[in-house]
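The sequence and structure are shown first.

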Amino acid sequence: MKLNVITTLSIIIFSLCSCKVIKSDIENVDKISKAVENKLFTVSFNYANPMRMQSIALTSEYTLTIKGDSAFAYLPYYGVVHTAPFNMSDGGIKFASAMQKFDKRLNKKHDGWEIRFKIDKPEYHYNLHLTVYKNGSSTLQVNSYDKDPISYFGEIEIK
């Protein structure tokens with residue numbers, strides 16, 4: 001009899017905890033979905049994966065922010081640069097610019113979004129492919145005429 005009561009209480013407690021986890025997951029997915037749809041979010045990156053090197057753990061705060069029709073990036077760059085920048089202090093991938101050819105759609109598995117856009121300035125040209133998953137993880141692939149491709153891995157931040 002005592003064992004049945006303990007088992008029943010354990011099942012009830014486990015069920016209540018599971019419901020709370022499911023509810024918080026649904027709330028997070030809704031927040032991420034709204035942020036992506038409204039084009040108002042920031043992705044913080046933890047790892048960089050250069051084309052010719054091993055993955056590198058990032059120790060500083062490196063981000064890509066999407067606000068409306070503009071993108072703001074502060075990212076390190078590791079790899080081969082084919083042309084020298086105009087200003088030698090402009091290392092990395094840094095921009096605050098309007099996005100061009102913006103395209104956002106659900107990915108094939110419907111577990112996230114594929115976001116593609118271009119940043120074109122006289123001093124640099126970037127093609128960016130950002131994948132944001134419903135669990136919050138994100139990947140960014142950056143291609144440039146002047147640099148080898150590089151990828152970044154991180155998490156979306158919702159404010």
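In which strand does Lys101 lie? Lys101 belongs to strand β5, which covers residues 100–106. Although Lys101 is not a glycine, its phi is positive, at about 50 degrees. With a relative accessible area of 66%, Lys101 is exposed.

**Model and confidence**

The coordinates come from a predicted model. The mean pLDDT of the protein is 81, and 80% of the residues score at least 70. Over residues 15–24, pLDDT stays under 50, and for this stretch the model has zero contacts beyond four places in sequence. Where pLDDT is low, the predicted coordinates should not be read in detail.

Strands β1 and β2 pair in the antiparallel sense over eight bridges, and they form a hairpin with five residues between them. Within this pairing, Phe45 has Tyr62 of β2 as its bridge partner. Strands β2 and β3 also run antiparallel, joined by five bridges. Their hairpin has two residues between the strands, and Gly68 in the turn has a positive phi of about 65 degrees. Lys67 has Ser70 of β3 as its bridge partner.

**Aromatic pairs**

The structure holds five aromatic pairs. Among them, the rings of Phe45 and Tyr152 have planes at 50 degrees and centres 5.6 Å apart, so this pair counts as tilted. Phe45 is in strand β1 (residues 40–50) and Tyr152 is in strand β9 (residues 150–157), so their pair ties together parts that are 107 residues apart in sequence. Phe45 is buried at 2% relative accessibility, and Tyr152 is buried with a relative accessible area of 0%.

Tyr62 and Tyr74 form a stacked pair, with 5.5 Å from centre to centre and 20 degrees between the planes. Tyr62 lies in strand β2 (residues 56–67) and Tyr74 in strand β3 (residues 70–75), so the parts that this pair ties together are 12 residues apart in sequence. At 15% relative accessibility Tyr62 counts as buried, whereas Tyr74, at 43%, counts as partly exposed.

**Lysines over rings**

Lys39 lies over the face of Phe102, at 4.4 Å from the ring centre. Lys39 is found in the loop between α1 (2–38) and β1. Its phi is near 55 degrees, a positive value in a residue other than glycine. At 19% relative accessibility, Lys39 counts as buried, because the limit for that class is under 20%. Lys147 has its charged end over the ring of Tyr77, 5.1 Å from the ring centre.

**The nonpolar core**

Which residues have the most contacts inside the largest nonpolar core? This core has 32 residues, and those with the most contacts inside it are Phe41, Leu64, Phe95 and Tyr152. Strand β7 (residues 124–133) gives the most to this core, with five residues. Apart from residues up to four places away in sequence, Phe95 touches Leu64, Ala71, Phe72, Ala73, Ile119, Tyr124, Tyr126 and Leu128.

**Gly112**

Gly112 is found in strand β6 (residues 112–121) and is buried, with a relative accessible area of 0%. Its contacts, leaving aside neighbours within four places in sequence, are Arg105, Leu106, Asn107, Val132, Tyr133 and Lys134. The C-alpha atoms of Gly112 and Ser137 are separated by 9.3 Å, and these residues are 25 apart along the chain.

**Accessibility of selected residues**

The table collects the relative accessibility of residues discussed above.

| Residue | Relative accessibility | Class |
|---|---|---|
| Phe45 | 2% | buried |
| Tyr62 | 15% | buried |
| Tyr74 | 43% | partly exposed |
| Lys39 | 19% | buried |
| Lys101 | 66% | exposed |
| Gly112 | 0% | buried |
| Tyr152 | 0% | buried |

Key: Residues numbered from 1 in each chain as written. Predicted model: local features only at pLDDT ≥ 70, side-chain atom pairs only at ≥ 80, totals over all residues. Heavy atoms only, no water. Phe/Tyr/Trp six-rings, centres within 6.5 Å; stacked < 30°, edge-to-face > 60°. Helix = DSSP H or I, 4+ residues; strand = E, 2+ residues; numbered from the N terminus. Buried < 20%, exposed > 50% of the residue type's maximum accessible area, 1.4 Å probe, protein only. Lys NZ or Arg CZ within 6 Å of the ring centre and 35° of its normal. Core = buried A, V, L, I, M, F, W, Y, C linked by side-chain atoms within 4.5 Å. Contact = heavy atoms within 4.5 Å. pLDDT = per-residue confidence, 0-100. Pairing = 2+ DSSP bridges.
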